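Me: Can you go through a structure with me? I'd like to see how the labels follow from the values.

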Amino acid sequence: MSDKLKKLLAALLFAFLAFNVVAATPDLAGRFLEKADTAYDDGDIDGAYKYINQALALTKNDPNASNVTIFAQTVYKTKLNQIMNNYDELDFIDVTSNLEQYPSVASASIKKLVAQIEAMQTQKIEAEKKAAQEKQQAEEARRAEEQTEIMRKQAEESRRLQEEANEETRKANAENRRLQEEANAETRKANEENLRIQKANSEELKNTLSSGLQVLGDGLEKSSTETRMAINKIVWIVILIVVLIFFIVLVIMVIARKSFKQAEIQQEQYVQAFRMLAASQNQTNRLMLGGVTDLYGAEGSQLRLAGSSRWAPAALPDVEQSPEEQEELRTLASKCEDLGAKIDQATGRKNNSKNVSELCYKIAMALGLPQGESMLYFCAAMVYDAGFLSIDPEIMAAENLTDEQRKLLREHVNMSEKPLEFVPKRYWQTFEDAAKWHHENMDGSGYPKGLKGDKIPQIARLIRVCESYISMISRRNYREIYDKETAVEKLREKPEFYDSDVIDVLETII
């Protein structure tokens with residue numbers, strides 16, 4: 001058989017098959033329409049929805065398939081009413097997607113149902129967000145009351161200990177006065193006895209002189225003996241007084257030592273109380289991977305709030321995570337930490353990624369952003385310079401750069417896609433904003449696009465301030481190191497570069 005004959009037979013066979021397929025399409029669409037009608041009559045709305053979509057797909061380009069479109073509108077209305085009564089997000093997304101694919105089905109009543117469902121879900125999200133905020137406020141108030149009660153009890157205990165110490169001091173002073181009075185009394189008695197003896201001696205001497213010279217020697221001897229006895233008695237009295245004074249001093253020292261010990265215990269209790277208060281306040285703001293909430297939304301959702309001058313919570317509320325979602329975010333944070341270490345090694349900036357990301361997180365929380373969005377900012381700020389990994393290492397290590405090399409280094413903001421390909425799609429916008437726009441300035445003098453003011457995403461404005469601050473307080477070969485207060489002042493001197501709201505919060509937390 002010749003080649004021309006073979007080609008002719010093949011062409012005829014292809015035409016025959018094509019004719020059969022074209023001829024069979026209306027019949028197949030009709031069968032799907034019948035199945036959809038049967039399922040609808042049986043109350044199987046999901047089955048009717050599936051079959052009518054198959055019929056729509058076969059007749060999409062057929063202008064004469066009005067019967068399919070009309071019945072599809074009936075099925076879609078019933079399906080939307082079903083979703084309105086028992087909302088299922090996946091079903092709703094599927095319906096809206098198919099309405100975009102088959103616009104002829106989207107009648108005014110169907111569009112109205114779609115709008116009503118979307119409005120209901122928006123109200124539900126707002127109500128859940130408000131309930132969560134009220135619950136958080138109530139919990140914070142309860143914790144504050146508990147902490148106040150603890151501090152009140154500690155203050156009462158401190159006052160009680162102080163009163164006991166004061167009572168011990170009062171008793172010691174009273175005992176000291178009593179011992180002093182006894183010593184004074186003994187001294188008075190000794191003086192009186194000494195005066196009596198001296199007076200007796202004088203009388204005896206007078207009697208001795210009057211009795212004659214013969215007894216003069218005996219009288220003098222007797223007087224001397226009595227005087228020695230009196231002196232010995234006085235010495236013993238003085239020794240007793242010294243012993244009493246020593247005992248009093250010893251008692252005072254013991255009491256004073258006990259008072260100092262009580263004061264130290266009191267001081268330690270105050271320190272522990274303030275530490276407990278600081279720990280309680282810090283618990284709601286510190287970084288916990290296990291407490292991070294996911295940020296759900298459509299693929300096109302943007303968390304950066306570009307165009308807004310307010311540092312307000314993001315449009316999407318925090319929601320409770322499943323264990324799988326929590327594990328996904330923990331894995332993301334771990335990967336960001338590993339990549340951040342590689343970036344620091346390539347740029348020669350030790351711990352830069354860690355320091356910038358932690359500071360971004362603290363400022364975001366202080367600005368009132370939700371915990372989930374703040375944690376996402378923490379991850380993105382750890383890898384914002386990922387584009388440097390795509391630059392030639394020799395250029396990165398060069399001390400003196402040419403204009404061409406400097407221009408190439410600036411391109412790192414556009415070279416982060418490959419290093420960040422591990423980032424899940426729903427988080428990509430935040431990571432891209434961090435990597436691409438962190439060199440933009442508030443007055444529009446930055447790069448790569450010269451964005452200005454609130455056109456710069458929030459995460460980029462945060463990183464711009466945090467990166468410059470960490471650089472100023474870190475050791476660099478090309479300039480001196482600044483203290484924290486001086487670094488903040490340096491940032492304030494350039495309002496055309498940095499967001500002043502971010503600097504205000506930075507100053508309160510350093």
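Predicted model: local features only at pLDDT ≥ 70, side-chain atom pairs only at ≥ 80, totals over all residues.

Me: Why is α9 called oblique to α12?

Reply: Helix α9 (residues 371-382) and helix α12 (residues 428-437) pack at about 45°. Angles under 35 degrees count as roughly parallel and 65 to 115 as roughly perpendicular, so with an angle of about 45° the pair gets the label oblique. The crossing is right-handed.

Me: What makes the contact between them?

Reply: L376, Y377, C379 and A380 come from α9, while T430, F431 and A434 come from α12. By type, the contact residues split into 6 nonpolar, 1 polar and no charged.

Me: What makes K79 and D91 a salt bridge?

Reply: The cut-off is nitrogen to oxygen within 4 Å, and the side chains of K79 and D91 meet at 3.7 Å, N to O. K79 sits in helix α3 and D91 in helix α4, 12 residues apart.

Me: How do you know whether K79 is buried or exposed?

Reply: Buried means under 20% relative accessible area. K79 has 3%, so it's buried. D91 has 30%, which lies between 20% and 50%, so D91 is partly exposed.

Me: And why do E507 and R492 count as a salt bridge?

Reply: Their N and O atoms are 2.7 Å apart, and the limit is 4 Å, so the pair qualifies. E507 lies in helix α15 and R492 in helix α14, so the bridge ties together parts 15 residues apart in sequence.

Definitions and conventions. Residues numbered from 1 in each chain as written. Heavy atoms only, no water. Axes fitted to C-alpha atoms, helices over the stretch in contact; angles between N-to-C directions. Helix = DSSP H or I, 4+ residues; strand = E, 2+ residues; numbered from the N terminus. Parallel < 35°, antiparallel > 145°, perpendicular 65-115°, else oblique. Left-handed = near helix turned anticlockwise from the far one by under 90°. Contact = heavy atoms within 4.5 Å. Nonpolar A, V, L, I, M, F, W, Y, C, P; charged D, E, K, R; others polar. Buried < 20%, exposed > 50% of the residue type's maximum accessible area, 1.4 Å probe, protein only.
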